[in-house]
Amino acid sequence: MKRPLSPVEDGPLTEPTGHEGASSDGVEFTRQDAPPVNSRPKRERKHRSYTLCEVCNIQLNSAAQAQIHYNGKTHQKRLKHINNSST
């Protein structure tokens, strides 16, 4: 929800040369450009590290996902198949 503008919160007012706003006594005012009060620095993206299962040729997004995959039926079945064919 938007908050109404207030001269106290947004900075001092100056007299403009145009018709941006008028007070009740006919004097016109505009806000000076000031940095936002609650400005936050831009978020840095986390460098994602992917795990690659070369047996199944799939990319895993996290360590937890990799652990689940390595304990799964499909991965275990492919490991057995590779081990049996190489001996």
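Reader: Which helix is A66 found in?
Author: Keep in mind that this is a predicted model. A66 is buried, with a relative accessible area of 5%. The element that holds A66 covers residues 63-70, and that is helix α2.

Reader: Which residues is A66 in contact with, leaving aside its neighbours within four places in sequence?
Author: Contact here takes heavy atoms within 4.5 Å. With the neighbours within four places in sequence set aside, A66 is in contact with T51 and L60.

Reader: How far apart in space are A66 and C53, C-alpha to C-alpha?
Author: Along the sequence, A66 and C53 are 13 residues apart. In space, going C-alpha to C-alpha, the two are apart by 8.2 Å.

Reader: Is H69 buried or exposed?
Author: H69 also has its place in helix α2. Not counting residues up to four places away in sequence, H69 touches C53, C56, I58, L60 and H75. Buried means under 20% relative accessible area. H69 comes in at 15% relative accessibility, so it counts as buried.

Reader: And what does H75 touch, not counting residues up to four places away in sequence?
Author: H75 is found in helix α3, residues 73-86. At 6% relative accessibility, H75 counts as buried. Not counting residues up to four places away in sequence, H75 touches C53, V55, C56, H69 and Y70.

Reader: How many of the 14 residues of α3 are buried?
Author: Let's take the helix end to end: α3 reaches 20 Å from its first C-alpha to its last, close to the 20 Å expected at 1.5 Å a residue. This helix lies largely in the open, because of its 14 residues the number buried is one.

Reader: Where is N57 found?
Author: Phi of N57 is near 55°, a positive value in a residue other than glycine. At 62% relative accessibility, N57 counts as exposed. The strands on either side of N57 are β3 (51-53) and β4 (58-60), and N57 is found in the loop between them.

Reader: Let's zoom out. In what order do the elements of the protein run from the N terminus on?
Author: There are three helices and four strands in the protein. From the N terminus on, the order of the elements is α-β-β-β-β-α-α.

Reader: What share of the residues in the protein is buried?
Author: The protein has 87 residues. To be buried, a residue must have under 20% relative accessible area. Buried residues make up 10%.

Definitions and conventions. Residues numbered from 1 in each chain as written. Predicted model: local features only at pLDDT ≥ 70, side-chain atom pairs only at ≥ 80, totals over all residues. Heavy atoms only, no water. Helix = DSSP H or I, 4+ residues; strand = E, 2+ residues; numbered from the N terminus. Buried < 20%, exposed > 50% of the residue type's maximum accessible area, 1.4 Å probe, protein only. Expected span 1.5 Å × (residues − 1).
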